[in-house]
Amino acid sequence: MSSATPKTTAADITQATLRSFAQTPEPRTRRLLEAAVKHLHAFATEVNLTTNELIRLAEILTAAGKISDASRHEFLLISDIMGLTMVVDYNTNQKPEGAFESSVLGPFYRADAPWIEPGGDICRQENAGTSTLVSGRILSTEGTPINGAVLDIWQVPANGMYENTDPTQVEFNCRGRLKAAEDGAYRFWTVKPVPYPIPKDGPAGLILDSAERHNMRAAHIHVIVEAPGYEKVISELFVKGDLYIDSDAVFGVKESLIAEFVLHESTADAAAYGRPTPFYTVNYDFVLASGQAREEIMFSAGRA
Ligand SMILES: [Fe+2]
């Protein structure tokens, strides 16, 4: 009885594909390509991916490319809603115990926001929302105040739209940079942030709809904190008790980033703070690890 020619298996194809990339000269590129092959093949085998599903995937990726432009990066949005962005952030931005944790930069950052004085207001027009005083200290992991720290802050006002996507807002509304005092203290006024939707009109929305997921981000204030000799941290402060705190569409919430917004309604508080009630106060200390930023984030103007 003659033995049959062995069938080519999926594992054979995986091995052949890996061999085809084995001579990739640049080691990191080779590592990425080989791991991509292994995991993509394993994914296809695990779910028994059909040819029509593969074609559908290609169509979704094509649509993601078509809807993207200089200011909209649908692939990154898909990465965000699939939790990939936060996994990458976790793996590359591990901080020592007690240090300010990182979160997503998001697509709405603008460099060169105007400087405000200590105690100044980053919201530059009326009716931006309920006034909120954010204050605290910037400290090392040893608890010593950091001299020369800078905060870069941005957020949505009460209408849930970033100023660069909303022609009714003045330039740099609810954005600002400020320097902490020598003793690490910082203090600025803003408004209480509100939840806002991420775009649903592209493939990311399709994915969310297919899973019956909402597209809301938990209310947050974006913060970048940096100081000479310390690791720069890109992160967000979230509002304790927010409706979406446990279901942020991009998984940006970390327990340590949730801040209590304390409501003030008394006339005594209005007098003490020099603001009409109601308003909120938030106290939050930013603890930085010594060192340098490990990887400078390099987004084009639109994403960054
Ligand atoms: Fe945001």
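I count a residue as buried under 20% relative accessible area, exposed over 50%, and partly exposed in between, with a 1.4 Å probe and protein chains only. At 10% relative accessibility, His 264 therefore goes down as buried.

Ground rules for these entries: the model is predicted, so local features need pLDDT of at least 70 and side-chain atom pairs pLDDT 80 or more, while totals for chains, interfaces and linings use all residues. Residues are numbered from 1 along each chain as its sequence is written, and side-chain values use heavy atoms, with hydrogens and water left out.

**Entry: His 264**

I found His 264 in strand 10 (residues 262-264); strands here are DSSP runs of E with at least two residues, helices are runs of H or I with at least four, and both are numbered from the N terminus. The side chain of His 264 makes a polar contact of 2.8 Å with the side chain of Asp 269. For such a contact I want a pair of N or O atoms within 3.5 Å; within protein, one must be able to donate a hydrogen and the other to accept it, and residues adjacent in sequence count only if both atoms are side-chain atoms.

I next looked up an open sheet of 5 strands, with the order 3-2-7-8-9 and mixed pairing. Its edge strands are strand 3 (175-179) and strand 9 (258-259), each pairing on one side only. Two strands pair if DSSP finds at least two bridges between them.

Strand 2 (residues 150-154) runs antiparallel to strand 3, with 5 bridges joining them. Trp 154 stands opposite Arg 175 in strand 3.

Strand 7 (residues 220-226) is also antiparallel to strand 8, through 6 bridges, and Ile 221 has Leu 237 as its bridge partner there. These two strands form a hairpin with 6 residues between them, and Gly 229 in the turn has a positive phi of about 85°.

Strand 8 and strand 9 run parallel, joined by 2 bridges. Phe 238 has Ile 258 in strand 9 as its bridge partner.

Why is strand 8 (residues 233-239) largely enclosed by the rest of the structure? I checked, and 7 of its 7 residues are buried. Val 233, Ser 235, Leu 237 and Val 239 point one way, Ile 234, Glu 236 and Phe 238 the other, and all are buried.

**Entry: the largest pocket**

On a 1 Å grid over the protein atoms alone, a pocket is an open set of points with protein on both sides within 12 Å along at least five of seven lines; a cavity is a set where a 1.4 Å probe fits but cannot get out, and lining residues have an atom within 4 Å of a point. Grid points are joined across faces, edges and corners, and a volume is the space filled by probe spheres set on the points.

The largest pocket has a volume of about 950 Å³. I noted 21 lining residues, with Leu 40, Phe 43, Leu 57, Leu 61 and Met 82 nearest its centre. Helix 3 gives the largest share of the lining, 6 residues. Domain 1 (11-68) and domain 2 (75-288) both contribute to the lining, so the pocket lies between them; the domain bounds come from an automatic or database assignment.

**Entry: the cavity**

I found 1 cavity of 30 Å³ or more. Its 13 lining residues include Asp 80, Gly 106, Pro 107, Ile 198 and Arg 217, the closest to its centre. The largest cavity holds about 100 Å³ of space.
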